[in-house]
Amino acid sequence: MKAFEYSRANSAGQAVDALGNGGKYLAGGTNLLDLMKLHIETPEQLVDLNRAGMDEITETEEGGLKIGALVRNTDLAAHPRVRQDYAVLSRAILAGASGQIRNRATTAGNLLQRTRCPYFYDTNLPCNKREPGTGCGAIDGYNRPLAVIGTSEHCIAQYPGDMAVALRVLDAEIHTLRPDGSERTISITDFHLLPGDTPHIETALEPGELITAVTLPAPLGGQHFYHKARDRQSYAFALVSVAAVVQADGTARVAFGGVAPKPWRVEAAEERWNEGAQAVTDTAFEGARPTDQNAFKLDLARRVVQTVMDAAQVQGGAA
Ligand SMILES: Cc1cc2nc3c(=O)[nH]c(=O)nc-3n(C[C@H](O)[C@H](O)[C@H](O)COP(=O)(O)OP(=O)(O)OC[C@H]3O[C@@H](n4cnc5c(N)ncnc54)[C@H](O)[C@@H]3O)c2cc1C
Ligand code: SF4
């Protein structure tokens with residue numbers, strides 16, 4: 001691991017003040033430290049957030065929840081209000097990683113985890129995301145796990161996380177503190193970016209901008225689902241995942257994970273929920289550009305949506 005300076009911040013303000021050019025915030029470290037060991041991330045400075053607060057879940061005046069950036073994934077998934085009113089979030093988190101990792105991983109760190117494209121992790125191979133302008137080993141290489149939509153000629157990596165897919169159907173907002181002391185709010189819709197010709201720029205965050213919290217609006221009601229199709233039943237990233245909130249009147253919100261460089265939600269596809277899974281995925285994946293190796297994800301997505309629809313009917317009938 002390359003040498004770096006280390007400091008601890010006792011507040012959000014101290015953290016942004018302490019971060020210099022080329023520095024990184026350290027939360028749970030479960031992604032960042034792995035990348036540093038591989039020399040993929042080489043920050044000159046780490047500012048440890050673990051004593052900076054931002055670790056509580058509180059009610060908002062609008063009846064929603066404010067989740068501090070440092071809230072651990074385990075605590076968020078287990079929170080009574082989350083289990084009761086935002087079950088899609090609880091289920092998405094529990095579908096990811098392992099108990100040990102979730103005990104360390106934080107809300108902000110989870111949102112910012114980086115792709116699992118195998119070429120990104122191998123510093124001997126070209127990768128525009130790791131090293132802009134070097135090319136992409138995956139497009140003509142092994143790309144089975146990668147994205148089928150939202151890609152560009154420069155990068156076809158998928159966003160790997162589960163939690164953000166649930167946050168997308170919940171219309172979460174991300175709150176930040178900039179180095180100049182100003183605050184802003186970014187909708188989860190706009191937070192993760194498509195690769196275009198700058199695949200190394202993955203989010204709307206500016207250099208040094210700190211995530212302080214994520215807020216959820218008032219509960220949506222309805223039935224909440226998170227179904228994740230993967231190669232192994234545990235400890236594996238999604239090939240395709242579906243987060244859905246289904247209402248008794250047959251309307252639904254649905255977002256997909258594992259298929260795009262960001263959580264993938266298409267409102268026009270939701271409007272076809274009553275027409276069945278094929279109609280939903282036809283619209284959600286219109287314009288998809290799968291490879292020979294990952295075209296199976298389109299059929300898999302349809303089948304996972306069908307599973308959610310079947311479960312919603314069973315639960316709806318039983319209610
Ligand atoms: C073996 C393994 C399996 C996994 N499986 C899954 C899975 O199935 N599904 C899934 O979703 N995830 C999975 N993960 C990923 C895991 O969820 C992430 O590593 C974790 O959520 C990252 O959170 P962290 O707090 O440890 O982030 P860190 O590693 O500390 O940080 C990640 C990034 O976020 C930045 N950062 C952290 N906090 C802030 C902040 N407040 N403001 C601005 N920047 C910040 C850091 O600088 C860094 O760039 C897996 C991880 C491992 C190691
Ligand atoms: S798909 Fe993206 S992350 Fe993977 S090798 Fe190509 S540029 Fe790198």
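The model is predicted, with local features requiring pLDDT of at least 70 and side-chain atom pairs counting only at pLDDT 80 or more, while totals for chains, interfaces and linings use all residues. Side-chain values use heavy atoms, without hydrogens and water, residues are numbered from 1 along each chain as its sequence is written, and chains are lettered from A and ligands numbered from 1 in the order in which they are written.

**Annotated region**

- The UniProt record, an unreviewed entry, places the feature "domain: FAD-binding PCMH-type" at residues 1-221; such positions are given in the numbering used here, feature names are shortened, and annotations may be inferred rather than shown by experiment.
- Over residues 1-221 the chain is 27% helix and 16% strand, with the end C-alpha atoms 47 Å apart; helices (H or I, at least four residues) and strands (E, at least two) are DSSP runs numbered from the N terminus.

- Polar contacts are pairs of N or O atoms within 3.5 Å, and a polar side-chain atom of lysine 24 lies 3.4 Å from an oxygen atom of ligand 1.
- Backbone atoms also take part: a polar one of asparagine 110 is 3.4 Å from an oxygen atom of ligand 1, and a backbone N or O atom of alanine 236 lies 3.4 Å from an oxygen atom of this ligand.
- The protein covers 93% of the 980 Å² of accessible area that ligand 1 has on its own, as given by the Shrake-Rupley method with a 1.4 Å probe.

**Parallel sheet**

- Three strands form an open sheet in the order E1-E3-E2 with parallel pairing, two strands being paired if DSSP finds at least two bridges between them.
- Strand E1 (5-8) and strand E2 (23-26) each have a single partner strand, so one side of each is left without a neighbour in the sheet.
- E1 pairs with strand E3 (residues 45-48) in the parallel sense over 4 bridges, and serine 7 stands opposite valine 47 in E3.

**Antiparallel sheet**

- An open sheet of 5 strands runs in the order E4-E5-E8-E6-E7 with antiparallel pairing, and its edge strands, E4 (57-59) and E7 (183-187), each pair on one side only.
- Strand E6 (residues 173-177) and E7 pair in the antiparallel sense over 5 bridges, with isoleucine 186 in E7 as the bridge partner of isoleucine 174.

Note on methods. A polar contact is a pair of N or O atoms within 3.5 Å; within protein, one must be able to donate a hydrogen and the other to accept it, and residues adjacent in sequence count only if both atoms are side-chain atoms.
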